[in-house]
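Dear colleague,

Please find below the structure that I am handing over to you.

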Amino acid sequence: MNTHHQPAAVQAAVAYAALTAAHEVGDYIVQRDADATAKGKHGPAGAVACARHVASYTATQGLALYAADRYLRLGLNWRRAGAALLVSAITHYVADRCNDHWPDDSKDAPLLVRAAHAAGKTKWLKGDPAAGPLIDQAWHKGWISLAAAVAAGGGRGA
């Protein structure tokens, strides 16, 4: 850990940029095609594929956050950074288990899908094949924003 500490706002902004860039790399470049196809399937095979994807995704984000901290001398506290990565990983898993289920407005749909329908998104989700992936990405970026704030955590190494 660096002894030089940047203000929390700087830490959060840089953490957001690093986590978001790593999100794109982890979700679209690092993710295996087989995992992308299987991660939303019901049962253990889907859960394992999603977990494998989230593991590589989180490693990608961790590497990006470490590099930003090291080379920009942010002074991030690694307990907070670890908590931020955990927030990102858990919420990423929740959303990615919804893969290919977005048009489903049944009671058997994943909770996040049911919530999107309850929020009035049914017509969009059933009529636009891009709707589910867009909600998925909005969900990810929203949680990445919170994760960046967790990583910054006051800027005093707390």
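The crossing of α4 and α6 is right-handed (a crossing is right-handed if the near helix is turned clockwise from the far one by less than a right angle, and left-handed if anticlockwise). The model is a predicted one, in which local features need pLDDT of at least 70 and side-chain atom pairs count only at pLDDT 80 or more, while totals for chains, interfaces and linings use all residues. Residues are numbered from 1 along each chain as its sequence is written, and side-chain values use heavy atoms, with hydrogens and water left out.

Helix α4 covers residues 78-96 and helix α6 residues 131-152; they pack at an angle of about 165°, with their axes 8 Å apart. The angle therefore makes α4 roughly antiparallel to α6 (angles under 35 degrees count as roughly parallel, over 145 as roughly antiparallel, 65 to 115 as roughly perpendicular and the rest as oblique). Axes are lines fitted to C-alpha atoms, for helices over the stretch in contact, and angles run from 0 to 180 degrees between N-to-C directions. On the α4 side the contact (heavy atoms within 4.5 Å) includes Arg-80, Val-87, His-92 and Asp-96, and on the α6 side Asp-136, Trp-139, Trp-143 and Ile-144 are among the residues. By class, this contact of α4 with α6 has 13 nonpolar, four polar and three charged residues (Ala, Val, Leu, Ile, Met, Phe, Trp, Tyr, Cys and Pro count as nonpolar, Asp, Glu, Lys and Arg as charged, and the others, Gly among them, as polar).

Helix α4 also packs with helix α3 (residues 44-72), at an angle of about 150° and with the axes 9 Å apart. Here α3 passes α4 in a right-handed crossing. Among the contact residues are Tyr-57 and Leu-65 of α3, and Trp-78, Ser-88 and His-92 of α4. The contact of α3 with α4 has twelve nonpolar, six polar and two charged residues.

Helix α6 has a further partner in α5: the two pack at an angle of about 135°, with their axes 11 Å apart. That angle makes α5 oblique to α6. Again the crossing of α5 and α6 is right-handed. Leu-112, Ala-116, Lys-121, Trp-124 and Leu-125 of α5 meet Ala-131, Gly-132, Leu-134, Ile-135 and Trp-139 of α6. These residues divide into eight nonpolar, one polar and one charged.

As for the chain overall, it has six helices and zero strands (DSSP runs, H or I of at least four residues for helices and E of at least two for strands, numbered from the N terminus). Its C-alpha atoms fill a box of roughly 50 × 30 × 20 Å along the principal axes.

Finally, the largest pocket has a volume of about 330 Å³. A pocket is an open set of points on a 1 Å grid over the protein atoms alone, where a 1.4 Å probe fits, with protein on both sides within 12 Å along at least five of seven lines; lining residues have an atom within 4 Å of a point. Of its 22 lining residues, the closest to the centre are Asn-99, Trp-102, Gly-132, Pro-133 and Asp-136. Helix α6 gives the most to this lining, with six residues.

With kind regards

Key
Grid points are joined across faces, edges and corners, and a volume is the space filled by probe spheres set on the points.
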